Structure formats: structure tokens, C-alpha cells
Amino acid sequence: MVEENSNMLLGTGEKPPALRWLLLAIQHVCAMFGATILVPIVVNTTAGADILSIPVALVSSGIGTLIYLICTRNRSPVYLGSSFAFIAPMIAGYAIGGYWKCIYSINDSGYCLCDYFTDNSCFRSRLD
């Protein structure tokens with residue numbers, strides 16, 4: 001339910017009129033498509049090699065989104081795209097040791113993020 005003095009145009013349970021809905025959908029597709037293909041472009045340009053493939057990024061984000069929607073029973077409609085958080089580790093990993101170090105840097109960065117956000121001590125114990 002929307003409060004009386006809320007600045008929201010639509011409540012979370014309301015649907016916009018058909019034309020506005022279509023325009024918002026087109027805007028969302030353009031924004032997400034741009035963000036998803038920008039990560040491979042930035043990484044490949046900065047590293048000077050073809051590390052990431054744009055078609056693979058698009059297919060991976062689509063599959064990830066479908067799996068997420070199935071798991072949440074479509075209660076949380078989101079789009080899972082590329083993450084800009086992994087750009088620096090990928091470029092650094094590629095500069096240090098080539099393609100496979102780049103792939104390992106993605107894995108290690110994800111592990112560190114999961115470890116940090118779950119306040120788990122697994123990663124810290126590996127360093128001791």
C-alpha cells in the first residue's frame with residue numbers, strides 16, 4: 001500500500017498503463033544490454049586481448065537470470081548482468097599471468113566477496 005504523502009509515481013503492486021509499461025521495458029532492456037556488453041569491451045580493451053566474449057556474457061546473464069527467477073518463483077524480478085566489481089581483478093590477473101590467472105582472479109574475487117559479506121572466517125584462516 002502506498003502512503004498518502006509518498007513521492008512514488010506507482011506503488012510496488014501497481015502496474016503502469018500499457019504505453020508507459022512498454023517505454024519502461026525498452027529503457028530497461030537498453031540499460032541492461034549496455035551494461036552487460038560494456039564489461040567485456042572494457043576488459044578486452046584494457047588488457048589488449050580477447051579475454052571475455054560479448055555473446056558469452058549475454059547468454060550467461062540470461063541463463064543466470066532464468067535460474068534466479070525459477071528459484072525465487074518470480075517473486076523478485078531482477079536481471080543478473082555483468083559485474084563491474086570484477087574488472088580490476090581480471091585486468092590485474094591477466095597482466096600478471098595471462099588468461100588463466102585472469103580466470104582464477106574472478107574466482108578468488110568472488111570467494112573474497114562471499115567471505116566478506118557472510119562474515120565468514122574461511123578466507124582468513126587460509127592465510128594463517
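**Exercise 1.** Which residue just after H3 takes a positive phi?

*Solution.* In this predicted model, the residue is Gly98, whose phi is about 90 degrees.

**Exercise 2.** Determine how the buried residues of helix H3 are arranged around its axis.

*Solution.* Step 1: H3 spans residues 87–97, and its buried residues are Ile87, Met90, Ile91 and Gly93. Step 2: viewed down the axis of H3, these buried residues fall within an arc of 160 degrees, so they line one face of the helix. Step 3: the exposed residues Ala88, Ala95 and Ile96 sit on the face turned away from the buried side. Step 4: the cover over the buried residues of H3 includes helix H1 (18–47) and helix H4 (99–117).

**Exercise 3.** Classify the geometry of the aromatic pair formed by Tyr99 and Trp100.

*Solution.* Step 1: the count is one aromatic pair. Step 2: the ring centres of Tyr99 and Trp100 are 5.3 Å apart, within the 6.5 Å limit for a pair. Step 3: their planes stand at 80 degrees, so the pair is edge-to-face. Step 4: Tyr99 is partly exposed at 37% relative accessible area, whereas Trp100, at 57%, counts as exposed.

**Exercise 4.** Describe the largest pocket and its lining.

*Solution.* Step 1: the volume of the largest pocket is about 470 Å³. Step 2: its lining comprises 19 residues, with Leu52, Ala57, Ser82, Met90 and Ile106 nearest the centre. Step 3: H1, helix H2 (54–71) and H4 each give two or more residues to this lining, and H2 gives the most, with five. Step 4: by class, the lining holds twelve nonpolar, seven polar and no charged residues.

Terms used
Residues numbered from 1 in each chain as written. Predicted model: local features only at pLDDT ≥ 70, side-chain atom pairs only at ≥ 80, totals over all residues. Heavy atoms only, no water. Phe/Tyr/Trp six-rings, centres within 6.5 Å; stacked < 30°, edge-to-face > 60°. Buried < 20%, exposed > 50% of the residue type's maximum accessible area, 1.4 Å probe, protein only. Helix = DSSP H or I, 4+ residues; strand = E, 2+ residues; numbered from the N terminus. Arc of directions from axis to C-beta. Contact = heavy atoms within 4.5 Å. 1 Å grid on protein atoms, 1.4 Å probe; cavity = no way out; pocket = protein on both sides within 12 Å on 5 of 7 lines; lining within 4 Å. Points joined across faces, edges and corners; volume = space filled by probe spheres on them. Nonpolar A, V, L, I, M, F, W, Y, C, P; charged D, E, K, R; others polar.
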